[in-house]
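Subject: Structure handover

Hello,

Here is the structure for your files. Please open it alongside this note.

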Amino acid sequence: MARSDAFVGKVEDRRVAVNALLDPGTRSELGQFMTPASVASVMAACISIDREDLKLLDPGAGVGSLTAAVVARIIDSEIRPSTVTLTAYEIDPFMRQWLAATLADCTQALVEIGVQVSTSLIAEDFVQASLRSDARGTFTSAILNPPFMKMAARGATADRLRSRGWSAANLYTAFWSAAIAQVEPGGDIVAVTPRSYCNGTYFAGFRRFLLRESALRCIHVFDARDKAFSEDGVLQETVITHSIRGVQATPVELSVSHRPGAPVRRRTAMATEVVLVDDPAAFVRLPIDERDDAARSWMSNLGHSLTDLGVSVSTGRVVDFRAREHLRDRYSAGLIPLLYPTHMTDGAVTWPKSGRKPNALDPSGAENLLTSEGHYTIVKRFSAKEERRRVVASYYDGSLGRPAGDGGPRVIALENHLNFFHMKGQPLPDWMARGLTMFLNSSMVDAYFREFNGHTQVNAGDLRSLRYPGPAQLRTLSDAWGRGLSQAEIDAAIDSV
C-alpha cells in the first residue's frame, strides 16, 4: 500500500462531503466541478517532481484535490524536491475553508518527510488577478481543473485577455491561458477540460496560443461522456492535456480509457500527426487506433475542398425557441414544411412525423427563415448516443417545398440543429447531393472525424475542414445512393471510387 493512501483518502472524503453541500446556484455561477481522486492522480503523474524547488500553481483549486495529488506523489517518491511552494487560488469563501484544511494537511505531510514547504491561499479570481500582474515564469508547474462555463465575448475582461494573446472563448481556456503564461520555460502545465477545445473555429485562437507557448507532451481521453465526473452529471468527453512550456514539439503520448481506472490503450504519435502542418485551424487530433492512420492517409489523398467544389455549408435558419409563434405541429395549406433532425432517417428525409417536434412553419413575417427548395445534403448537428456514426447525413430530394405566398418560388424551412450543403444559398445538383451524402456517411469519414471531434456536436466548421472527392467520384457515389443502405453497402461504394 502506498504511504500516501490515507492522506489521499482524507482529501477525497473532504471533496465528496463538500460536493454534497454545494449550493446548485453557486456551482452553476462559478462552474464548479471538483476533481475526483481517480482523475487527480492521473494528472499528478504528469508533474515532474525531480526538481530541487517545486513551485506549484493550482488556479480555481476547490478543496485542493489536485494539489494534494501532487503532494501524494512526492510522499511516495524516493526522489523529492527539497522545497515545495504551493499556491492555490479560490474565489468561493465556502470552498476556501476546506481548501485551507487541505493545504494544512499538505504542509504536515511534507514536513514529516523532511521537505520544506510554504503555502499561499489567494482569495481572488485567478483570471482577474493574472490580468493585473505580470507574473511570467513564476511557477515550475501548473495543475488545473478550470471552471467550465461561458464568458462574455465582449467587454473589458475579454478585451484585456485578447491584448495579452490569451483566450477569451470560454472561461476554462481563459484560466488555461493565464496558467500557461505563468509557468517557467520547461515547466509542466496539466489541465483537465472538455475535449471541445480540440476542434472548431470557436477555440482556434486558444489552440494557436497553446501550441505557440508550449509543446504537447501527453493527452489522455476518458471517452465515456458520463464517467470522469459522474457525480456532477457532466456529459462531455473529458481530456487531460499535459504540455511543456517553451520547448520544441516532441512526440506526443496519446492514451484513452473508458473511465478512470479502466484499461488504457496507448500510442505515441508524432507532433505532426496530432496537429497537421497544413491545418490553418490547428485542430488537435488524437490518432490512437491504427485505422486512424488509414483514415488520415485516405483523407489526405482526396483532392478537393468544399471551396474547390463551389459548395458551402451552413446551419438551418429556424431557431425554434425564437420562432415559436410561427411553428405548427401539422402541415396545412399556406404553411411551409419544416425539417428537424428527427425527420432525417435512413439516409433520406421522412416527413411529416408525429411526435414532439413541429412539422410546419407559418411563413408570414418569417421569410428570412426560409431556404430555397431543391436538392441538399443535410447533416445532423448533434449525433445521438445510439447512432453508429458521428456524422449522420441525409439526402433531400427537393420534393416538399411550397411557395411562401401567392405564387413565387418554392421554399422549405430547416431547423437550426441541421447543417446543409448548398451553392451560394441555392440547392446542389442532384448528383452532388447524393454523392456528398454517401461520402459523409462512410466509415472512413467517421474514423477521421473522431480523431478531432470528441463531442456530440458536428460544427459547420468541422465539415469545412474535411477533404472531399472530386465531381467524377461524387457522380459515381451518387449512382450508388439508396435509402436505407447498410454501412457495409456504403463503404463498398466508397472503396470502389
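First, the ground rules. This is a predicted model, in which local features need pLDDT of at least 70, side-chain atom pairs count only at pLDDT 80 or more, and totals for chains, interfaces and linings use all residues. Residues are numbered from 1 along each chain as its sequence is written, and side-chain values use heavy atoms, with hydrogens and water left out.

Cores

The largest nonpolar core has 47 residues. (A nonpolar core is a set of buried Ala, Val, Leu, Ile, Met, Phe, Trp, Tyr and Cys residues joined through side-chain atoms within 4.5 Å. Buried means under 20% relative accessible area, exposed over 50%, partly exposed in between, with a 1.4 Å probe and protein chains only.) Trp176, Tyr197, Ile219 and Val284 have the most contacts inside this core. Elements that give two or more residues to it include helix 7 (156-163), helix 8 (171-181), strand 5 (183-194) and strand 6 (214-222). (Helices are DSSP runs of H or I with at least four residues, strands are E runs of at least two, and both are numbered from the N terminus.) Helix 8 gives the largest share, nine residues.

Tyr197 deserves a look. Beyond four places in sequence, its contacts include Trp176, Phe206, Ile219 and Val284. (Contact means heavy atoms within 4.5 Å.)

There is also a second, separate core of 40 residues. Val313, Phe421, Phe439 and Ala493 are among its members.

Helix packing

Helix 1 (residues 5-21) and helix 5 (residues 93-112) pack at about 180°, with axes 11 Å apart. (Axes are lines fitted to C-alpha atoms, for helices over the stretch in contact; angles run from 0 to 180 degrees between N-to-C directions.) Helix 1 is therefore roughly antiparallel to helix 5. (Angles under 35 degrees count as roughly parallel, over 145 as roughly antiparallel, 65 to 115 as roughly perpendicular and the rest as oblique.) Phe7 and Arg14 of helix 1 and Trp98 and Asp105 of helix 5 are among the residues in this contact. By class, it has 10 nonpolar, one polar and three charged residues. (Ala, Val, Leu, Ile, Met, Phe, Trp, Tyr, Cys and Pro count as nonpolar; Asp, Glu, Lys and Arg as charged; the others, Gly among them, as polar.)

The axes of helix 4 and helix 5 come within 10 Å and cross at roughly 10°. That makes helix 4 roughly parallel to helix 5. The contact of helix 4 with helix 5 divides into eight nonpolar, two polar and no charged residues.

Aromatic rings

The structure holds 18 aromatic pairs. (Rings of Phe, Tyr and Trp, its six-membered ring, pair if their centres lie within 6.5 Å; planes under 30 degrees apart count as stacked, over 60 as edge-to-face and the rest as tilted.) Tyr197 and Phe206 have ring centres 6.0 Å apart and planes at 85°, so the pair is edge-to-face. Both Tyr197 and Phe206 are buried. The rings of Phe439 and Tyr468 are tilted, with centres 5.2 Å apart and planes at 50°. Those two residues are 29 residues apart. Phe439 is buried at 0% relative accessible area, and Tyr468 counts as buried at 0% too.

A loop residue

Ile79 is found in the loop between helix 4 (65-76) and strand 2 (83-89). Ile79 is exposed, at 56% relative accessible area. Leaving aside neighbours within four places, Ile79 is in contact with Ile49 and Asp50.

Best wishes
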